[in-house]
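Subject: The structure, and what turned up in it

Hi,

Here is the structure I promised to pass on.

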Protein chains: 4
Amino acid sequence: MSTQNVQSKEAPLTKVENEGCLLVKCPDQPGIVAKLSSFLQQYNANIIESNQYSSDPVHGTFFIRIAFYCKNLQQQALEMEQSFTAIAAQYQMSYQFTYAFERKRTAIYVSKELYCLMELLWEWQNGELPMDVALVISNHEDAREMVEALNIPFYYIPAHKGIREEVEAKQIQLMEEYDVDLLILARYMQILTPHFIAQFKSRIINIHHSFLPAFIGARPYERAFERGVKLIGATSHYVTNDLDEGPIIEQDIERVDHREDVVSLKKIGRQIERRVLARAVKWHLQDRIIVEGNKTVVFH
Amino acid sequence: MSTQNVQSKEAPLTKVENEGCLLVKCPDQPGIVAKLSSFLQQYNANIIESNQYSSDPVHGTFFIRIAFYCKNLQQQALEMEQSFTAIAAQYQMSYQFTYAFERKRTAIYVSKELYCLMELLWEWQNGELPMDVALVISNHEDAREMVEALNIPFYYIPAHKGIREEVEAKQIQLMEEYDVDLLILARYMQILTPHFIAQFKSRIINIHHSFLPAFIGARPYERAFERGVKLIGATSHYVTNDLDEGPIIEQDIERVDHREDVVSLKKIGRQIERRVLARAVKWHLQDRIIVEGNKTVVFH
Amino acid sequence: MSTQNVQSKEAPLTKVENEGCLLVKCPDQPGIVAKLSSFLQQYNANIIESNQYSSDPVHGTFFIRIAFYCKNLQQQALEMEQSFTAIAAQYQMSYQFTYAFERKRTAIYVSKELYCLMELLWEWQNGELPMDVALVISNHEDAREMVEALNIPFYYIPAHKGIREEVEAKQIQLMEEYDVDLLILARYMQILTPHFIAQFKSRIINIHHSFLPAFIGARPYERAFERGVKLIGATSHYVTNDLDEGPIIEQDIERVDHREDVVSLKKIGRQIERRVLARAVKWHLQDRIIVEGNKTVVFH
Amino acid sequence: MSTQNVQSKEAPLTKVENEGCLLVKCPDQPGIVAKLSSFLQQYNANIIESNQYSSDPVHGTFFIRIAFYCKNLQQQALEMEQSFTAIAAQYQMSYQFTYAFERKRTAIYVSKELYCLMELLWEWQNGELPMDVALVISNHEDAREMVEALNIPFYYIPAHKGIREEVEAKQIQLMEEYDVDLLILARYMQILTPHFIAQFKSRIINIHHSFLPAFIGARPYERAFERGVKLIGATSHYVTNDLDEGPIIEQDIERVDHREDVVSLKKIGRQIERRVLARAVKWHLQDRIIVEGNKTVVFH
């Protein structure tokens, strides 16, 4: 193995618009990678990054994410997708193509605590989150100023248990109107109905303020304080009908000690929540996540 | 603040036998530190390390650990303790004096998995755990060779649910015979009765192979696998009558991903269990832990 | 040791204005803690937090930080300080009293990269940094808008090697005019002269974008990339005449791998720099740091 | 994407003897993955794990590691390798095939400090390091008992600067005699000559007891103490002629504070050295590392 140096990518020769991503899940068998890579080669696509996982090499399920670079991708995408259907049928694949030229459109839901929203907007402004922020929805007015200062539409929709269906009807209508791909619950403190969740399967990301499955439900910091844990955490997950039981995307923790009270636990926890949610959203936007049963395969 | 350099402790001028430790818990009020430090000064004791915590400076509970150095400590200890009773009464203190010249005597309980036992013996041989290993008790023969090679008495006491009382009677007798201060459950997979636990309040340390309160009870790695968590952990705690609910001493975690199966989770978990248990035991031996309700104050 | 529960501090009975802090350094000998705690008791001061360190219990240097609560502290402070001079002389102490009612006044110096400034302002707005931001100084105009939006005076002082003395003269004048206690170099990319530094001994905190002493000097991320390190870091330190050689306050790191180029190393590094600088500043503001030679004692 | 659950690998249907690994480095161009995967498909090999990296998708260097499962691999390996030469020539590949049925043979070099040796032997006995320990070489007798108890040949070869060539001649002879693939310097405190190193390019792994490039050379813990760093680390790297300058494989750190003296820094450092070296050796044994210039690509 030779000796030339790894080059810096500081001056890439490629255009980001020409990058695409193919996610595939299918029964494992020999030859899948050969098939997929030959397919991409027909379009002169260069594989930039490829990650795969198989739950068992003989009878398991096979998962692959291939990021590729392809000149004039926008012109070729439709034909590529059409010609892929035959392969997909042959190998019983579920799959999706995504393209850098089609940025995902997101709706951020928030209540009174704004730090998660701020983190997302900050990272988005820094270019770390390749998304269009289509709108922000809140059951309080607190976030309006910050959101509108960035020229993002802000919708105040008061919410409580008694008017849940009416509220969700408005929200669903806005999701359609703004053509939203991903819903982010950035500390939105309202329960969603199964009807709502069913519209957006594996497309709603929530941040829960504990290390799940510890402290499922309400008041996790208070309960962490009472239990005297030495680490506190946060969990981002896709939302399902079972509260705090959806597929986990990312978790992280910080060390605490006996000196922390509930107020300081919350302050420490905020930092964890911010980075855990931002990572989960980033990975979703980069098509790094495949949901499998109640788990996630996350390709880093 | 001046400029001379912090010296290395490589050549201490002190003898470790002259080190003592005073742990105190009492209602908070002004003047406690003054009282305690004046008391120690009467014996020409030099305070080496002092840590304190108050749950509230006005109406809270005050906790302090003072490590001190005192020439001819062994000769002075009795008088010191006698004269302290007046202060303790005045301030309603619960307290304990401990001395480096009286090493704690420990019993290690183990079943078939030996890695936690090995870690403890390794650290003990390295001088990291200031204890006498009085004996090892197991419901299997696996550990005998390793233990006896170090000239530590090994007792094989078969155990199962049906003979629990008989087994514990033997164990209690051995604890008395060997004058044991601390019991370490280093992956001892038997339930203890309230009768047994009552004999050794805040003196039995267990290692649980999950990040409590997640996955209380049996098969935590299997359940962590099924839930798809992204971090796994271990917890050391004092044993109480409520299974896995005792005061937590230490916790730690490692990052895992979708590629881990139950076997590899267990391998990763072993490393966490080893270090979490070793730390908890070390802090107990150094009198750094005060149990308060169902929590611990740990002075680092 | 009894069983009542550790209380939450959520509703403290104390006023923060009545909190003070005493930092002491002196030759170690028995009785110092007794002396200090008796002194505070005369003023009915309750010790909230106490941390100490001795480089050697017999012939070493003794360091202590005592945070205390004292009714009507503002009225008593002057007398307290005057009466302390006798003790200080007797024990050859260097020391300082500080009070919550006298917030430290800071000047933040910045160039074109604003993320460290933003972090400090964010944390300050969250109440995490107990300081008055007296002014911001920059050799570029980039920060003006953000700073003035918070009603903080912003001074644009163009700087380059050729006019260093003139620039520093202006800066020193502003430090006096605004009565500044602490200077924070939040990515201020100009070398300071010994004359300037001498005015503010142990009062200038810098953030260096590497894990010192690795990659001292310019272009640390580029050099980290070339060396192929697997972790990158950041270091906050007090500024001395030797570039990047001053007493280290805090360091932290993140894991990286071969896929990172210089651009992505810088992005990752930014997150480290932000939190390392914010922690160092916080500890300085809380009087948790004692400089000793070219090292720091930091009481957590 | 559907809903069946990720299966546990607890009962694999495959035999580890049939696993192989192909490492490739070549100029990047479209179609490499297609070529390699088609090649493997001819042998009915199933790709278990695949990782790739390109320094630049257009003009960069392409690296790939493919782990595959192939029935009767031992019978097919020779033909596979012969038929691969044509592809390798066409794409200007440097490459290597390795097989689970050919375990790497290692020599461990050690001096008086045995904790790194112990860690390697422990992990090897636990089945974590897929290698044959061919022999242990030391310039001291300390390790003999521990090594011979495991039926591993132990060679005592006294060493000092004056007899370096003679010593190395003996060592090289032993490496040949025992057909050694990998040399591990587990705290072997002797400088190796360029002549020796040239025999084993990218096949000698060293553990350095600092976070390189900080504290290159001797006495790193003493120098870390003097500098007052807040984190200490360890680095494993391939050995080159430039002392402590070879390609870094892995690094890790632990947090320390002002209370640590040189003795306690060394104790903390030992734990870091143990795990950093064990990880680097494991990744080498699993063919996860490609050396590129003075860096490593490590496929996790």
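Below are the notes on what was found, feature by feature.

First, some ground rules: this is a predicted model, in which local features need pLDDT of at least 70 and side-chain atom pairs count only at pLDDT 80 or more, while totals for chains, interfaces and linings use all residues. Residues are numbered from 1 along each chain as its sequence is written, chains are lettered from A and ligands numbered from 1 in the order in which they are written, and side-chain values use heavy atoms, with hydrogens and water left out.

Let me start where chains A and D meet. Helix α1 (residues 32-42) of chain A packs against helix α1 (residues 32-42) of chain D, with the axes 8 Å apart and at an angle of about 145°. (Helices are DSSP runs of H or I with at least four residues, strands are runs of E with at least two, and both are numbered from the N terminus; axes are lines fitted to C-alpha atoms, for helices over the stretch in contact, and angles run from 0 to 180 degrees between N-to-C directions.) On the α1(A) side, the contact is made by A:V33, A:A34, A:S37, A:S38 and A:Q41, and on the α1(D) side by D:V33, D:A34, D:S37, D:S38 and D:Q41. Contact here means heavy atoms within 4.5 Å. By type, these residues are 4 nonpolar, 6 polar and no charged, where Ala, Val, Leu, Ile, Met, Phe, Trp, Tyr, Cys and Pro count as nonpolar, Asp, Glu, Lys and Arg as charged, and the others, Gly among them, as polar.

Next, chain A and its domains. The chain is divided into domain 1 (16-99) and domain 2 (104-298), with bounds that come from an automatic or database domain assignment. The C-alpha centres of the two domains of chain A lie 31 Å apart. Across the boundary, 12 residues of domain 1 of chain A are in contact with 9 residues of domain 2 of chain A. The area buried between them is about 780 Å², with 53% given by carbon and sulfur atoms; buried area is the accessible area (1.4 Å probe) that two parts lose on being put together, summed over both. On the domain 1 side of chain A, the most area is lost by A:L23, A:F63 and A:R65, together 51% of what that side buries.

Now to the sheet in chain C. Its 7 strands form an open sheet with mixed pairing, in the order β7-β6-β5-β8-β9-β10-β11; two strands pair if DSSP finds at least two bridges between them. β7 (154-156) and β11 (248-255) of chain C stand at the edges with a single partner strand each, so one side of each has no neighbour in the sheet. The twist averages 20° from one strand to the next. Within this sheet, β8 (residues 182-185) and β9 (residues 204-208) of chain C pair in the parallel sense over 3 bridges, and C:L183 has C:I204 as its bridge partner in β9(C). Helix α3 (residues 115-125) of chain C packs on the sheet, touching β5 (104-110), β6 (131-138), β8 and β9 of chain C.

Finally, some backbone details. Most residues other than glycine have a negative phi, and most peptide bonds are trans. The peptide bond from B:L212 to B:P213 is cis, with omega near 10°, and B:P213 is found in the loop between β9 (204-208) and α7 (220-227) of chain B. B:R219 lies in the loop between β9 and α7 of chain B and has a positive phi, near 55°. In chain D, a cis peptide bond joins D:L212 and D:P213, with omega about 5°.

Best wishes
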